[in-house]
Structure formats: C-alpha cells, structure tokens
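Take a look at the protein shown here. This report walks through its loops, rings and charged pairs.

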Amino acid sequence: HIHAIDRKIALDDFAESENIDLDAVLDALEALFHHGKRMDITYFTEIAIGKEVIMEVRKSQPNGKFSMQFLEQERGDVYNEEELRLLQYILMQ
C-alpha cells in the first residue's frame, strides 16, 4: 500500500487493481498511523472529498481536536463511511 501512496495512485484505483475493498486499504492506513507511520494522502482526499471541505471540517472541529463522533454528526448525512474515514485519517495528523 505504501508504494501506491508514494506513487500517488488513487486509493480506490489501487484497491480495485489489487481486488480488495477500499475498507481494507483504509484499515492498513489506520494500522500504520497507530504504529507511528504517517502517510500523506492529501493528493487523493483533495480530489475525493475536496480541499475546501477538508479545510472547513478542520476548522469546525471543537477545540481544534479531532472527534469522529462530531464528524459523523456533522457530515454523516453527506459523506459515506469511507469518505468519513478518509477525513478522519487526514484530521488525525
């Protein structure tokens, strides 16, 4: 997965080419994150979700701290679970 990110391959395209779900790719990213490895996926999230949305969500987080519960309440009706997980990954960094 790391090589695909280094080459800036869209995560959904990578998942499709590997015949795995995007959820599995996100699980791997989250596991890397929790082990201290940070991956820059803004090239993908800015296209998939939008740079403006990311900035807006970042500003709207209470006390500037990430909260998945807040994100689900505020954006859960607009974005699907995978998009929320992408936002979560970006906002936790």
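## Two loop residues

Asparagine 19 sits in the loop that runs between H2 and helix H3 (22-34). Its phi is positive, about 60°, although asparagine 19 is not a glycine. This residue is exposed, because its relative accessible area of 73% is over the 50% cut-off.

Lysine 8 also belongs to a loop, here between helix H1 (2-6) and helix H2 (11-17). Lysine 8 is not a glycine either, yet it has a positive phi of about 55°. With a relative accessible area of 56%, lysine 8 is exposed.

## How confident is the prediction?

This model is predicted. The protein has a mean pLDDT of 86, and 96% of its residues reach 70 or more. Which element has the lowest mean pLDDT, and which the highest? Helix H5 (residues 68-75) has the lowest, at 80, and H2 has the highest, at 93. Why look at such values? Where pLDDT is low, the predicted coordinates should not be read in detail.

## An aromatic pair

The whole structure was searched for aromatic pairs, and one was found. The partners are phenylalanine 33 and tyrosine 89, with ring centres 5.7 Å apart. Their planes meet at 65°, so the pair is edge-to-face. Phenylalanine 33 is in helix H3 and tyrosine 89 is in helix H6 (residues 81-92).

Phenylalanine 33 has another neighbour. The charged end of arginine 38 sits over the phenylalanine 33 ring, 3.8 Å from the ring centre.

## Salt bridges

Side chains of opposite charge can pair when their charged atoms come close. The structure holds four salt bridges.

| Salt bridge | Closest N and O atoms |
|---|---|
| Aspartate 27 and arginine 85 | 2.5 Å |
| Arginine 85 and glutamate 30 | 2.9 Å |
| Arginine 75 and glutamate 56 | 2.5 Å |

Start with aspartate 27 and arginine 85, which form a salt bridge. Aspartate 27 is in helix H3 and arginine 85 is in helix H6, 58 residues apart, and the pair links distant parts of the chain. Aspartate 27 is partly exposed, with a relative accessible area of 42%. Arginine 85 counts as buried, at 9% relative accessibility.

Arginine 85 also forms a salt bridge with glutamate 30. Glutamate 30 lies in helix H3 and arginine 85 in helix H6, so this pair ties together parts that are 55 residues apart in sequence. Glutamate 30 counts as buried, at 17% relative accessibility. Which residues are linked in a network of salt bridges? The network is made of Asp23, Asp27, Glu30 and Arg85.

Next come arginine 75 and glutamate 56, which form a salt bridge. Arginine 75 is in helix H5 and glutamate 56 is in helix H4 (residues 42-60), and this pair links distant parts of the chain, 19 residues apart. Arginine 75 counts as buried, at 14% relative accessibility. Glutamate 56 counts as partly exposed, at 44%.

Conventions
Residues are numbered from 1 along each chain as its sequence is written. Side-chain values use heavy atoms; hydrogens and water are left out. Helices (H or I, at least four residues) and strands (E, at least two) are DSSP runs, numbered from the N terminus. Buried means under 20% relative accessible area, exposed over 50%, partly exposed in between (1.4 Å probe, protein chains only). Rings of Phe, Tyr and Trp (its six-membered ring) pair if their centres lie within 6.5 Å; planes under 30 degrees apart count as stacked, over 60 as edge-to-face and the rest as tilted. A charge sits over a ring if NZ of Lys or CZ of Arg is within 6 Å of the ring centre and within 35 degrees of the ring normal. pLDDT is the predictor's confidence in each residue, from 0 to 100. A salt bridge is a side-chain nitrogen of Lys or Arg within 4 Å of a carboxyl oxygen of Asp or Glu.
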